[in-house]
Amino acid sequence: MKVLKKILKSLDVIALGLLIVGLSVLSPVANAFSDVPYNAYYADALDWAISEGVVDSRAMFYPAIPVKKVGMAKMTVEAMNVGLDSSLGPSFIDVPSNQWYYPYVETGAAYGVFTGYTDYNGNLTGYFGPVNNPTRAEAITTIMRAFGLGLEDEQCSVVFPDVD
């Protein structure tokens, strides 16, 4: 049962990850966007995101424009399906409380999903980088933290020369 739950949770995480990096297949709901072809490779992920309230359905989706960290924060927190909670904030110097994305970033921070940038010594700087494009490393870390997909007691056998 534990394995089945992990697999189902992983499928949701994979769908979110595919949405963040822009991958998927075909869907009638995603076709509601005038800039999303009915056979777009990312349409199924977009369909899931719309049906789960992760993405707002509007006239345009802008599939070729990179997501910003605030967009990733909103999609991640919506996919986590938790209530917005900014009571512990502000957590970041560059995330003003009067911005639309503040409650999403703060909710993610409260759940340990977003910790912000670190300096060369690994110390937190207090910056989130809201208008930056998330790196692949930030995207995968966000997904893992948001959905509790840590290695637990397992050891990772894959070594990446550019990652400590």
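Threonine 142 is buried, at 4% relative accessibility (buried is under 20% relative accessible area, exposed over 50%, partly exposed in between, with a 1.4 Å probe and protein chains only). This is a predicted model: local features need pLDDT of at least 70, side-chain atom pairs count only at pLDDT 80 or more, and totals for chains, interfaces and linings use all residues. Residues are numbered from 1 along each chain as its sequence is written, and side-chain values use heavy atoms, with hydrogens and water left out.

**Overall architecture**

- The protein has 5 helices and 0 strands. Helices (H or I, at least four residues) and strands (E, at least two) are DSSP runs, numbered from the N terminus.
- The order of elements from the N terminus is α-α-α-α-α.
- Of the 164 residues in the protein, 34% are buried.
- Among contacts with a separation of 6 or more, 53% join residues 24 or more positions apart. A contact means heavy atoms within 4.5 Å.

**Confidence**

- Mean pLDDT is 79, and 72% of residues reach 70 or more. pLDDT is the predictor's confidence in each residue, from 0 to 100.
- Where pLDDT is low, predicted coordinates should not be read in detail.

**Threonine 142 and its surroundings**

- Threonine 142 belongs to helix H5 (residues 136-146).
- Beyond neighbours within four places in sequence, threonine 142 contacts Met72, Thr76, Val113 and Phe114.
- Phenylalanine 114, one of these partners, is itself buried at 6% relative accessibility.

**Aromatic pairs**

- The whole structure holds 7 aromatic pairs. Rings of Phe, Tyr and Trp (its six-membered ring) pair if their centres lie within 6.5 Å; planes under 30 degrees apart count as stacked, over 60 as edge-to-face and the rest as tilted.
- Tryptophan 100 and tyrosine 101 pair edge-to-face, with 5.5 Å between centres and 90° between planes. Tryptophan 100 is partly exposed at 48%, whereas tyrosine 101 is buried at 10%.
- Phenylalanine 114 and phenylalanine 128 also pair edge-to-face, at 5.3 Å centre to centre and 75° between the planes. Both lie in the loop between helix H4 (102-110) and H5, 14 residues apart. Phenylalanine 128 is buried, with a relative accessible area of 1%.
- Ring pairs also join Phe33, Tyr41, Tyr42 and Phe61 into a cluster.

**Lysine 69**

- The salt bridge count is 1. A salt bridge is a side-chain nitrogen of Lys or Arg within 4 Å of a carboxyl oxygen of Asp or Glu.
- Lysine 69 and glutamate 138 form a salt bridge through their side chains, at 3.4 Å from N to O. This pair links helix H3 to helix H5, across 69 residues of chain.
- Both lysine 69 and glutamate 138 are buried.
- The charged end of lysine 69 sits over two rings: tyrosine 117, 4.2 Å from the ring centre, and phenylalanine 128, 4.5 Å from the ring centre. A charge sits over a ring if NZ of Lys or CZ of Arg is within 6 Å of the ring centre and within 35 degrees of the ring normal.

**Helix H2**

- The buried residues of helix H2 (residues 43-51) are Ala43, Ala45, Leu46, Trp48, Ala49 and Ile50.
- An α-helix has 3.6 residues a turn, so residues three or four places apart point the same way.
- Glycine 53 follows H2 and has a positive phi, near 75°.

- Threonine 107 lies in helix H4 and is buried at 1% relative accessible area.
- A polar side-chain atom of threonine 107 lies 2.6 Å from the backbone oxygen of proline 103.
- Leaving out neighbours within four places in sequence, threonine 107 contacts Val77, Val82, Gly83, Leu84 and Asp85.
- Serine 86 is in the loop between helix H3 (69-80) and H4. Serine 86 is partly exposed, at 29% relative accessibility.
- With the same exclusion of sequence neighbours, serine 86 contacts Tyr102, Pro103 and Glu106.

How values were computed. A polar contact is a pair of N or O atoms within 3.5 Å; within protein, one must be able to donate a hydrogen and the other to accept it, and residues adjacent in sequence count only if both atoms are side-chain atoms.
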